[in-house]
Amino acid sequence: MSKDIKNKIDEALVSFYKEADKELIDDLLNENIQDINEYNKKKKQIIFLAKAKAQKKRNDDLQALVVKFQKAIESNIEKPVAMLKQFIQGNPSFALYRNLDKLSKEDLIEIIKDQNLVQLLEELENNEKSH
């Protein structure tokens, strides 16, 4: 089976499940699942593990960004410092931080934690490649 056909089948299945009635999906699951309690238990485990993995990835991204911003502040790299100043201006609790050298690791985490971390990492990495 070609990759295009497989992708079209996957897209069709996703569309079907998005548009299908919840009761219909439950009925389909009940027909194919022998032990619904075991299924629900495994489903909860998978959801828990997926959330834990997503949180670990977010924490790793946050730590990587803190390191990049600290290096940018030390080296006075224009774009990351400008990004950081923009975040500070948007957060009234950090409005008094005029000297970026005095920001601690925890301060940086607090400033960037609500931003799109993946996008920030990509922007900083692209900025590093261009210099």
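**Helices, salt bridges and patches**

Trainee: Starting with Glu128, how exposed is that residue?
Mentor: Glu128 is partly exposed, at a relative accessible area of 44%. Keep in mind that this is a predicted model.

Trainee: What does the Glu128 side chain pair with?
Mentor: Lys68. The two side chains form a salt bridge, 3.1 Å from N to O. This pair ties together distant parts of the chain. Glu128 sits in helix H6, residues 117–130, and Lys68 sits in helix H3. They are 60 residues apart.

Trainee: And Lys68, buried or exposed?
Mentor: Buried. Lys68 has 19% relative accessibility, and the cut-off for buried is under 20%.

Trainee: How many salt bridges are there?
Mentor: The count is 4.

Trainee: Which residue does Lys57 bridge to?
Mentor: Asp61. The N to O distance is 2.9 Å. Both residues lie in helix H3, which covers residues 36–75. They are 4 residues apart, about one turn of the helix.

Trainee: Why does Asp61 count as buried?
Mentor: Because its relative accessibility is 8%, and buried means under 20%. Lys57 counts as partly exposed, at 48%. Exposed would need over 50%.

Trainee: What about Lys113, which partner does it have?
Mentor: Glu110. Their side chains meet in a salt bridge at 3.0 Å, N to O. Lys113 is partly exposed, with a relative accessible area of 29%. Glu110 is partly exposed too, at 36%.

Trainee: New topic. Which residues make up the negative patch on the surface?
Mentor: Asp21, Glu23, Asp27 and Glu31. They gather there as a patch of negative charge.

Trainee: Where does Glu23 sit?
Mentor: In helix H2, residues 22–32.

Trainee: Why is Glu23 called exposed?
Mentor: Because its relative accessibility is 56%, and exposed means over 50%.

Trainee: Now the greasy side. Which residues form the nonpolar patch?
Mentor: Ile5, Ile9, Leu13, Phe16, Tyr17 and Leu24. Together they have about 530 Å² of accessible area on the surface.

Trainee: Which helix gives the most to that patch?
Mentor: Helix H1, residues 3–19. It supplies 5 residues.

Trainee: Pick Leu13. Where is it, and how exposed?
Mentor: Leu13 is in helix H1. It is partly exposed, with a relative accessible area of 43%.

Trainee: Let's step back. How many helices and strands does the chain have?
Mentor: There are 6 helices and 0 strands. Read from the N terminus, the order is α-α-α-α-α-α.

Trainee: What box do the C-alpha atoms fill?
Mentor: Roughly 65 × 35 × 20 Å, taken along the principal axes.

Trainee: How much of the chain is buried?
Mentor: 21% of the 131 residues count as buried.

Trainee: Quick recap on helix H3. Which bridge stays inside it, and which one leaves it?
Mentor: Lys57 and Asp61 both lie in helix H3. Lys68 is also in helix H3, but its partner Glu128 is in helix H6.

Conventions. Residues numbered from 1 in each chain as written. Predicted model: local features only at pLDDT ≥ 70, side-chain atom pairs only at ≥ 80, totals over all residues. Heavy atoms only, no water. Patch = residues over 30% accessible without salt bridge, like charges linked within 9 Å, V, L, I, M, F, W, Y side chains within 5 Å. Areas by Shrake-Rupley, 256 points an atom, 1.4 Å probe, with all protein chains shown as cover. Lys, Arg positive; Asp, Glu negative; His and termini not counted. Charge placed at Lys NZ, Arg CZ, Asp CG, Glu CD. Helix = DSSP H or I, 4+ residues; strand = E, 2+ residues; numbered from the N terminus. Buried < 20%, exposed > 50% of the residue type's maximum accessible area, 1.4 Å probe, protein only.
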